[in-house]
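Dear colleague,

Please find below the structure that I am handing over to you. My notes on what was found in it follow directly after.

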Amino acid sequence: MEDCVFCKIVKGEIPSKKVYEDDEVLAFYDINPIAKVHVLVIPKVHIQSLQDLKEDHKELLFHLFETINKVAEIVGVDKTGFRVISNVGEDAGQAVKHLHFHILGGEKLPTR
Ligand code: 5GP
Ligand code: ZN
């Protein structure tokens, strides 16, 4: 989508520090980390949020979660644990309207 920051990152119009990439997905470091390790995993195709998933996205969704596990290994939090968050809509504070999963870790995370 034209004015979407993450679509621009996918197209390389905005630079990012990539952790993993393939034809379907991209993982890159969050520009404003809230934990020692903070990576975002996104589908390359523009989907607004988890609420916009369709039957067609089944394989993609599984692949996103495979990628989350792969990224956890790459950045070294697979043994120590990590948190996965996807904000949906206003009350969750979803700032970027392109589906993304935050991977947080590298330290003890607050429980609330
Ligand atoms: P949300 O609040 O929508 O769940 O999270 C959006 C996340 O995207 C935020 O953590 C924010 O720091 C990150 N972000 C926004 N713009 C950019 C950018 O241009 N590059 C990177 N690497 N992260 C971004
Ligand atoms: Zn987008």
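**Findings**

H63 has its place in helix 2; helices (H or I, at least four residues) and strands (E, at least two) are DSSP runs, numbered from the N terminus. Please note that this is a predicted model, in which local features need pLDDT of at least 70, side-chain atom pairs count only at pLDDT 80 or more, and totals for chains, interfaces and linings use all residues. Residues are numbered from 1 along each chain as its sequence is written, chains are lettered from A and ligands numbered from 1 in the order in which they are written, and side-chain values use heavy atoms, with hydrogens and water left out.

With a relative accessibility of 18%, H63 counts as buried. Buried means under 20% relative accessible area, exposed over 50%, and partly exposed in between (1.4 Å probe, protein chains only). Neighbours within four places in sequence aside, H63 is in contact (heavy atoms within 4.5 Å) with D22, E24 and V25.

E59 is also placed in helix 2, and its relative accessibility of 69% makes it exposed.

E21 itself belongs to strand 1 (residues 18-21) and is partly exposed, at 37% relative accessible area. Not counting residues up to four places away in sequence, E21 touches L26 and K44. Its side chain makes a polar contact of 2.8 Å with the side chain of K44, and another of 3.3 Å joins the side chains of E21 and K18. A polar contact is a pair of N or O atoms within 3.5 Å; within protein, one must be able to donate a hydrogen and the other to accept it, and residues adjacent in sequence count only if both atoms are side-chain atoms.

**Zinc site**

Which residues coordinate the zinc ion (ligand 2)? They are C4 (SG), C7 (SG), H46 (ND1) and H98 (ND1), at 2.1 to 2.3 Å. Donors are N, O and S atoms within 2.8 Å of the metal (3.2 Å for Na, K and Ca); water is not among the atoms, so sites may look incomplete. The angles subtended by the four donor atoms are 106 to 117 degrees, so the arrangement is tetrahedral (four donors, all angles between 85 and 135 degrees). Along the chain, the donors follow the spacing C-x2-C-x38-H-x51-H. H46 lies in the loop between strand 3 (37-43) and helix 2 (58-74), and H98 in the loop between helix 3 (89-92) and strand 5 (101-105), so the pair ties together parts that are 52 residues apart in sequence. H46 counts as partly exposed, at 24% relative accessibility, whereas H98 counts as buried, at 0%.

**Ligand 1**

Ligand 1 is surrounded by 16 residues, and the closest are D30, N87, A95, H100 and H102; a residue is near a molecule if one of its heavy atoms lies within 4 Å of it. An oxygen atom of ligand 1 is 2.7 Å from a polar backbone atom of A95. For V96, a polar backbone atom is 3.0 Å from an oxygen atom of the ligand. In H102, an N or O atom of the side chain is 2.8 Å from an oxygen atom of ligand 1. The protein covers 82% of the 520 Å² of accessible area that ligand 1 has on its own, by the Shrake-Rupley method with a 1.4 Å probe.

With kind regards

Note on methods
Tetrahedral: all angles 85-135°; square planar, octahedral: opposite > 155°, others 65-115°.
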